[in-house]
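Try each task before reading its solution.

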Amino acid sequence: MKVINYTAMIGDRDKPREDILCFNSYNKFQRPVMNAKIYKILPHQYLDCDVSVWTDANITLKVPPEELVDEWMEDYDMVLWKHFGRDCIYDEAAVIIQFGDTVFGKDVASEVFEQSKEYMQRGFPRKSGLAECNVILRKHNKEMEEFNNAWWSEICRWSSRDQISFPYVLSKFPNLKVKFIFGNPRNHEYFEYKTHEK
């Protein structure tokens, strides 16, 4: 089984990574976050492997990625962290909207407001779970490709905040086998977490 641990870093938010595969040259979008996000959401377009392990650029995996896959993956298609503080996209949206001008940007807050309003109008229920998408293990199979493509479409349609769209898109794929890990990489022995430099 071929496993690749990778990340993406566009712009100067963090120092360049040389310890793992790091994509850093995509520049089709105006926002650097989207130029990095395309690698995060669509690994099947860029990686030739059986399983990919995405880690945000400020997270370092301290064990071989194969060890993580052996311990967590089992027969799941995808493994990621359950959000450590919230379990609802509407609660997450409220935080983004509240701190939009100072943390996330006014444009992003506005997009999230419209996005959450649309999801509510479509009947997506509250308290439907929330993932922290900073570490993602994915099998490279047809089901995951379809999910990845749908997730990317939703991110392009609405905001770049992938935590908002993830539960909604996941609800459209009831047969996808997803495992949520409790805890977070900030205080887990397998990870080293640093705050973004900018």
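Predicted model: local features only at pLDDT ≥ 70, side-chain atom pairs only at ≥ 80, totals over all residues.

**Exercise 1. The whole chain**

Solution: 
- Start with the inventory: the chain has 7 helices and 8 strands.
- For the outline, the C-alpha trace spans about 45 × 40 × 35 Å along its principal axes.
- Turn to burial: 51% of the 198 residues count as buried.
- Finally, take the contacts with a separation of 6 or more; residues 24 or more positions apart account for 76% of them.

**Exercise 2. H1 against H6**

Task: Decide whether H1 and H6 are roughly parallel or roughly antiparallel to each other, and find the residues that make their contact.

Solution: 
- Locate the pair: H1 covers residues 32-41 and H6 covers residues 142-157.
- Their axes come within 10 Å and cross at roughly 160°.
- Angles over 145 degrees count as roughly antiparallel, and H1 and H6 are therefore roughly antiparallel.
- As for handedness, H1 passes H6 in a right-handed crossing.
- Now pick out the contact. H1 brings Met-34, Lys-37, Ile-38 and Ile-41, while H6 brings Asn-148, Trp-151, Trp-152, Ile-155 and Cys-156.
- Sort those residues by class and you get 7 nonpolar, 1 polar and 1 charged.

**Exercise 3. H6 against H7**

Task: Find the angle at which H6 and H7 pack, then say what that makes H6 relative to H7.

Solution: 
- H7 is residues 162-170, and its axis lies 9 Å from that of H6.
- The packing angle is about 130°, which makes H6 oblique to H7.
- The crossing of these two helices is right-handed.
- On the H6 side, the contact uses Phe-147, Ala-150, Trp-151, Glu-154 and Ile-155. On the H7 side, look for Asp-162, Ser-165, Phe-166, Tyr-168, Val-169 and Leu-170.
- By class, that contact comes to 8 nonpolar, 1 polar and 2 charged residues.

**Exercise 4. A glutamate in a helix**

Task: Is Glu-92 buried or exposed, and which residues is it in contact with beyond its neighbours in sequence?

Solution: 
- Glu-92 is found in helix H3, residues 89-98.
- Its relative accessibility is 4%. The cut-off for buried is under 20%, so Glu-92 counts as buried.
- Leave aside neighbours within four places in sequence, and Glu-92 is in contact with His-83, Arg-86, Leu-130, Arg-161, Gln-163 and Ile-164.

**Exercise 5. Positive phi in two loops**

Task: Find where Glu-74 and Lys-127 lie, and check their phi angles.

Solution: 
- Glu-74 sits in the loop between helix H2 (65-72) and strand S5 (78-82). Its phi is near 50°, a positive value in a residue other than glycine.
- With a relative accessible area of 53%, Glu-74 is exposed.
- Lys-127 belongs to the loop between helix H5 (106-121) and strand S6 (131-139). Its phi is positive as well, about 55°, although Lys-127 is not a glycine.
- At 54% relative accessible area, Lys-127 is exposed.

**Exercise 6. Across the sequence**

Task: Find what separates the C-alpha atoms of Phe-173 and Phe-147 and those of Asn-141 and His-44.

Solution: 
- Phe-173 lies in the loop between H7 and strand S7 (178-181).
- Phe-173 and Phe-147 are 26 residues apart along the chain, with their C-alpha atoms separated by 7.2 Å.
- Not counting residues up to four places away in sequence, Phe-173 touches Glu-146, Phe-147 and Ala-150.
- Asn-141 is in the loop between S6 and H6, and it is buried at 18% relative accessible area.
- Asn-141 and His-44 are 97 residues apart along the chain, yet 8.5 Å separates their C-alpha atoms.

Technical notes:
Residues numbered from 1 in each chain as written. Heavy atoms only, no water. Axes fitted to C-alpha atoms, helices over the stretch in contact; angles between N-to-C directions. Helix = DSSP H or I, 4+ residues; strand = E, 2+ residues; numbered from the N terminus. Parallel < 35°, antiparallel > 145°, perpendicular 65-115°, else oblique. Left-handed = near helix turned anticlockwise from the far one by under 90°. Contact = heavy atoms within 4.5 Å. Nonpolar A, V, L, I, M, F, W, Y, C, P; charged D, E, K, R; others polar. Buried < 20%, exposed > 50% of the residue type's maximum accessible area, 1.4 Å probe, protein only.
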